[in-house]
Amino acid sequence: MIATVLLSIGIVFLAELGDKSQLMALTFALRYRWWVVLGGIATASAAVHLISVGVGYFLGAALPTRAIALIAAVTFLAVGLWTLREHFGPGDDDPQPKTPKAAGAPFFVVLSAFLLAELGDRTMFATAALATDYDWAGVWLGSTIGMVAADALAIALGILVGKHLPEHAIGIGSGLLFLYFGAATLLGAAAPGLGAVAVAGLAALVPALAGAALLLTRMTHRARPAPPHTVRHPGAPARAAVPAAPADHPSPRPRSGR
């Protein structure tokens, strides 16, 4: 079993290098605490690989990967738009840092995103293939460790990058990356005949257009003149209202008494 665990760790770790899950882990590490992201990834990895070894060893059937990919694409697009809305809202010039609305449940956000992203991914098929020839428990344990180890590298990079970037830039970058993930997943599910280069190029248009639209909106918002306001020091008496004298009418002459 030890040999099976080590083999599964090596295969899954190498398969995850440069995969979208590492980019997702880096993106989440810019937004949430690293232990929350790592915990969500570990839980999702354990669940996905348990399903994959069950598919490969017990069932020998395939999951509806296209439907799962479409759900994942919609989820990524929604998270991306939600994140951009937080950082490009009406008060985007407020110097105070914004707290994400999903801050109360970041673990479930990470868990659901990775669970949907990894269902039907190449790592899942590799794990299912290993489970057909090796002990399923060893494959499940090794594949989970391998995926968590690969994504932990991306989390460490996200922590390093996040220390040198302002929170506003991190939020905008995270939202644009999620739009890219959603567009790429949607194109891969809707048009499986497209090559990887074509999918990457077309998917990159979505965050590019969204970023240009948001930049234009912000420039328009800044170009609006600010409403005039009067600063009055504390304790200063308020000015009394002085009625305006009529400009075009002569003052009436006083009548002489008789």
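Of the 258 residues in the protein, 37% are buried (under 20% relative accessible area, with exposed meaning over 50% and partly exposed in between; 1.4 Å probe, protein chains only). The model is predicted, so that local features need pLDDT of at least 70 and side-chain atom pairs count only at pLDDT 80 or more, whereas totals for chains, interfaces and linings use all residues. Residues are numbered from 1 along each chain as its sequence is written, and side-chain values use heavy atoms, with hydrogens and water left out.

The secondary structure consists of nine helices and zero strands, where helices (H or I, at least four residues) and strands (E, at least two) are DSSP runs numbered from the N terminus. The order of elements from the N terminus is accordingly α-α-α-α-α-α-α-α-α.

Helix α5 spans residues 106–118, 13 residues in total, and its first and last C-alpha atoms are separated by 18 Å, close to the expected 18 Å (1.5 Å times one less than the number of residues). Its buried residues are P106, V109, V110, L111, A113, F114, L116, A117 and E118. V110 has a relative accessible area of 0% and is therefore buried. Although 71 residues separate V110 from G39 in sequence, their C-alpha atoms lie 8.7 Å apart in space.

R66 belongs to helix α4 and is partly exposed because its relative accessible area is 47%.

L165 is located in the loop between α7 (136–162) and α8 (167–190), and its 40% relative accessibility makes L165 partly exposed.

The largest pocket holds about 700 Å³ of space. It is lined by 27 residues, of which K20, D121, A184, T185 and G188 are the closest to its centre. Two or more lining residues come from each of α2 (20–31), α4 (65–87), α5, α8 and α9 (196–223), and α8 contributes the most, with six. A pocket is an open set of points on a 1 Å grid over the protein atoms alone where a 1.4 Å probe fits, with protein on both sides within 12 Å along at least five of seven lines; lining residues have an atom within 4 Å of a point. The volume is the space filled by probe spheres set on the points, which are joined across faces, edges and corners.
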